[in-house]
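Please walk me through this structure, from single residues to the spaces between them.

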Amino acid sequence: MTSPSERRIGLALGGGGARGLAHLHVLEAFDELGVRPAAIAGASIGALMGACYAAGLSGRDLREHTLAQLSNRGQTLAKVMKARVGRISDLFGTGSLNPMLLDAEALIPQFLPPGVPERFEDLAIPFQAIATDFFGRAEVVLRDGPLLPAIAASAAIPGLFKPVLHRGRTLIDGAMTNPLPFDALKGVDAVIAVDVTGGPVMSGPTPPNAFVCMLGAIQIMQSTIVAGKVAQGGPDVLIRPKVDRITLLDFLKVASALRLSADTKDEAKRAIERLLSG
């Protein structure tokens with residue numbers, strides 16, 4: 001029988017764009033208690049954060065790296081522009097491509113911290129990234145082989161990033177099918193899941209434009225999926241950081257996002273201690 005101190009805790013980090021910056025508080029909570037997750041599963045921004053943490057970086061290291069990367073607006077936007085694909089003329093060509101579509105496989109390496117390996121097999125903690133097979137219309141769990149295409153696929157928000165071609169499949173954002181992959185964690189004693197899809201927000205003075213409406217609709221869909229999954233049998237602990245005031249693409253508001261969700265760290269610590277005590 002497993003003693004409380006030996007309990008294996010799995011960590012599921014959900015999708016939610018910039019709202020996923022709140023995941024940093026949970027990672028720091030594990031570090032400050034001297035506890036390591038036995039396994040990590042992530043979708044979208046959760047896959048990016050989860051992969052970095054699984055590589056052996058501390059939560060504090062990730063916080064400092066994230067703040068350094070996103071606090072300079074000019075440098076951040078320059079990196080985004082480097083990852084742009086398509087031209088204005090593509091709007092009127094075959095397939096009507098989005099001229100501001102981004103290549104996740106080109107963008108993500110510009111923001112990854114040093115020390116993240118090229119392959120799943122070289123990670124310090126077992127990790128799996130959730131993606132979605134666009135043509136197969138099904139969830140895909142990636143847990144071996146090249147790490148970058150898996151992270152990129154998991155974070156490829158439709159309409160913002162071009163799909164990722166990986167292992168013969170056309171993959172898009174994992175949050176389209178499983179925004180909070182607590183059910184992907186097997187062989188652990190308990191699971192903590194961090195839901196950053198957010199809740200209802202106050203209506204604005206004007207209707208949202210087409211782009212904002214598209215992104216908002218994605219978040220509504222993800223929240224609905226999570227609610228359905230939790231209703232059928234949720235994780236042992238469900239943490240929902242205060243992220244309602246952060247939008248999907250508010251990455252330049254990193255300091256504000258971390259401040260608004262600061263209570264998450266203490267909540268995560270209490271949850272970890274409760275699970276370890278049996």
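N178 is buried, at a relative accessible area of 1%. Buried here means under 20% relative accessible area, exposed means over 50%, and partly exposed lies in between (1.4 Å probe, protein chains only). This is a predicted model, in which local features need pLDDT of at least 70, side-chain atom pairs count only at pLDDT 80 or more, and totals for chains, interfaces and linings use all residues. Residues are numbered from 1 along each chain as its sequence is written, and side-chain values use heavy atoms, with hydrogens and water left out.

N178 sits in the loop between β6 (169-173) and β7 (190-194). Helices (H or I, at least four residues) and strands (E, at least two) are DSSP runs, numbered from the N terminus. The side chain of N178 makes a polar contact of 3.1 Å with the side chain of D183. Such a contact is a pair of N or O atoms within 3.5 Å; within protein, one must be able to donate a hydrogen and the other to accept it, and residues adjacent in sequence count only if both atoms are side-chain atoms. Leaving aside neighbours within four places in sequence, N178 is in contact (heavy atoms within 4.5 Å) with A43, I130, E139, D183 and K229.

Another buried residue is D195, at 6% relative accessibility. D195 lies in the loop between β7 and α7 (210-231). Its side chain is joined to that of T197 by a polar contact of 2.7 Å. Not counting residues up to four places away in sequence, D195 touches L180, V226, L238, I239, R240 and P241.

Strand β6 holds I172. I172 is buried too, with a relative accessible area of 10%. Not counting residues up to four places away in sequence, I172 touches A131, T132, F134, A153, A156, P158 and P163. I172 and G187 are 15 residues apart in sequence and 27 Å apart in space, C-alpha to C-alpha.

Next come the nonpolar cores. A core is a set of buried Ala, Val, Leu, Ile, Met, Phe, Trp, Tyr and Cys residues joined through side-chain atoms within 4.5 Å. The largest has 71 residues, and L11, F30, F127 and I192 have the most contacts inside it. Helix α2 (residues 45-54) gives the most to this core, with seven residues. A second, separate core of 14 residues includes A38, L180, A193 and V226.

Where is empty space left? Rolling a probe the size of a water molecule over the atoms shows this. On a 1 Å grid over the protein atoms alone, a cavity is a set of points where a 1.4 Å probe fits but cannot get out; a pocket is an open set with protein on both sides within 12 Å along at least five of seven lines; lining residues have an atom within 4 Å of a point. Grid points are joined across faces, edges and corners, and a volume is the space filled by probe spheres set on the points.

The largest pocket holds about 950 Å³ of space. Its lining has 34 residues, of which V80, L107, F111, F161 and F251 lie nearest the centre. Helix α3 gives the most to this lining, with five residues.

The structure holds one cavity of 30 Å³ or more. The largest cavity is lined by G16, G17, S44, I157, D173, I218, Q222 and L248.
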